Amino acid sequence: RVILWPDTFNNYFHPDTALAAARVLQGTGFQVVVPEGHFCCGRPLYDWGMLDRAKDLLREVLNALRHEIRAGVPVVVLEPSCASVFRDELINLFPADEDAMRLSKQTVLLSEFLCDHVDMGRLPKMNRKAVVHGHCHHHAIMKMTKEEEILKHVGVDYKLLDSGCCGMAGSFGFEKGERYDVSVKAGERVLLPAVRSAAPDTLIVADGFS
């Protein structure tokens, strides 16, 4: 039994990604549970310093998942921004809350869950080339080792870019003025040239909605 976290980005913008993750988990023998209702980890509020409002949203999450958390059910999160909140910021905001500590320890990315709980030989092979960009929170909190392990097992010939930040940084890259220029310069350092020069049939792998 696993919880698939319905983050705002995948739930409302790219539901196909979440549906695909559910199919993978079900196909490898797990019962997938998606929390009912609208929940948010509070990342956008947290980033803008609205800590009280972010804590209110996180309390709702802890209350809604309390039974599952205490039962030790893993929480599979697709969006690295959300995973980093549960793994890192949550225990800073609720240092004395045992359920917050449990959720922090039980939060895993899809790659981490598959590597730790699934026979890699059961995964289908993909004879494809790929350019891989790691999300900033993913690099900083979770690292990319499990992603690389999965890609190797399924036969993807990939290049993990040393691209740093893509420049978007949430809504930063959309803002007019100097921020937009900085965003473009960050992307042009490594990532955008690599994408432009990739062959048409090369996969561009990038987790994280930004």
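Author: Let us begin with a definition: the expected span of a helix is 1.5 Å times one less than its number of residues. Please bear in mind throughout that the model is predicted.

Reader: What makes the span of α2 close to the expected one?

Author: Helix α2, residues 15–27, has 13 residues, and from its first C-alpha to its last it reaches 18 Å.

Reader: Which residues of α2 are buried, and why are they said to be on the same side?

Author: The buried residues in α2 are A21, A22 and L25. They cover an arc of only 100 degrees around the axis, and therefore they are on the same side of α2. In general, an α-helix has 3.6 residues a turn, so residues three or four places apart point the same way. D16, R23 and G27, on the other side of α2, are exposed. The cover over the buried residues of α2 includes β1, β2, β3 (75–77) and α7 (110–117).

Reader: What makes D7 a residue without a salt bridge?

Author: A salt bridge requires a side-chain nitrogen of Lys or Arg within 4 Å of a carboxyl oxygen of Asp or Glu. For D7, the nearest side chain of opposite charge is R43, 11 Å away, so D7 has no salt bridge by that cut-off. Leaving aside neighbours within four places in sequence, D7 is in contact with L78, E79 and C82.

Reader: Where does helix α4 bend, and by how much?

Author: Helix α4, residues 51–70, bends by about 50 degrees at A64. That value is the angle between axes fitted to the seven residues ending there and the seven starting there. Among the buried residues of α4 are L62 and L65. The elements against which the buried residues of α4 pack include α3 (43–47), α5 (80–93) and α6 (98–106).

Reader: Why is K143 called partly exposed?

Author: Its relative accessible area is 44%. Buried means under 20% and exposed over 50%, so K143 is partly exposed. K143 is found in the loop between α8 (136–142) and α9 (145–153).

Reader: What is the phi of K143?

Author: K143 has a positive phi of about 70 degrees, although it is not a glycine. Most residues other than glycine have a negative phi.

Conventions: Residues numbered from 1 in each chain as written. Predicted model: local features only at pLDDT ≥ 70, side-chain atom pairs only at ≥ 80, totals over all residues. Heavy atoms only, no water. Helix = DSSP H or I, 4+ residues; strand = E, 2+ residues; numbered from the N terminus. Buried < 20%, exposed > 50% of the residue type's maximum accessible area, 1.4 Å probe, protein only. Contact = heavy atoms within 4.5 Å. Lys, Arg positive; Asp, Glu negative; His and termini not counted. Arc of directions from axis to C-beta.
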